[in-house]
Amino acid sequence: MRKYEMLLLLSPELNTEGKKALIDTLVAIIEREQGSVLTIDDWGTKDLAYPVRKHVRGQYVRLEFAAPGKAVAELERNVRITDDIYKFVTVKLADKFEPAPVEA
């Protein structure tokens, strides 16, 4: 497994429930492909440097996850066809990632 980070720019018109449903869908895709989500970091609504789809504000969300390469391909495919995600970038943080053992 490798460790990745994905930064998403979401529509500013997306409400709280819609954003939660969208993130839950992405988490489900990662987990379905034998990956695990490490961090979900909601940065909130920010001003953009330039208009994107005629909007000057957008909502940022950062996902940090560990998954095999095929999971990233499937995740990016779903992100591309989702209308409320305007832009995204995926970065590989580490080639090898071993999850910490769960202590009882």
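Predicted model: local features only at pLDDT ≥ 70, side-chain atom pairs only at ≥ 80, totals over all residues.
Local features were considered at a pLDDT of at least 70 and side-chain atom pairs at a pLDDT of 80 or more, whereas totals for chains, interfaces and linings use all residues. Residues are numbered from 1 along each chain as its sequence is written, and side-chain values rest on heavy atoms, with hydrogens and water left out.

When residues up to four places away in sequence are not counted, Phe65 is in contact (heavy atoms within 4.5 Å) with Arg2, Lys3, Tyr4, Met6, Ile30, Ser36, Val37, Leu38, Val72 and Leu75.

Rings of Phe, Tyr and Trp (its six-membered ring) are taken to pair if their centres lie within 6.5 Å, and planes under 30 degrees apart count as stacked, over 60 as edge-to-face and the rest as tilted; by this rule there are two aromatic pairs. In the stacked pair of Tyr4 and Phe65, the separation is 5.6 Å centre to centre, with 25° between the planes. This pair links distant parts of the chain, since Tyr4 belongs to strand β1 and Phe65 to strand β3, 61 residues apart, and both Tyr4 and Phe65 are buried. The rings of Trp43 and Tyr60 have centres 6.2 Å apart and planes at 40°, so that this pair is tilted. Because Trp43 is in strand β2 and Tyr60 in strand β3, the pair ties together parts 17 residues apart in sequence; Trp43 is partly exposed, with a relative accessible area of 38%.

Glu64, in strand β3, is buried, with a relative accessible area of 14%. Its side chain makes polar contacts with the side chains of Lys3 (3.2 Å) and Arg62 (2.9 Å); such a contact is a pair of N or O atoms within 3.5 Å, where within protein one must be able to donate a hydrogen and the other to accept it, and residues adjacent in sequence count only if both atoms are side-chain atoms. Among the residues that Glu64 touches is Leu93, which is found in strand β4 and is partly exposed, with a relative accessible area of 42%.

For helix α2, the 12 residues at 1.5 Å a residue should span 16 Å, and the end C-alpha atoms are 17 Å apart, which agrees; the expected span is 1.5 Å times one less than the number of residues. The buried residues of α2 pack against β1, α1, β3 and β4 (85-94).

Most residues other than glycine have a negative phi. In the loop between β2 (36-52) and β3, however, Arg53 has a positive phi of about 50°, and Lys54, found in the loop between β2 and β3, has a phi near 65°. Lys54 is exposed, with a relative accessible area of 83%.

How values were computed
Helix = DSSP H or I, 4+ residues; strand = E, 2+ residues; numbered from the N terminus. Buried < 20%, exposed > 50% of the residue type's maximum accessible area, 1.4 Å probe, protein only.
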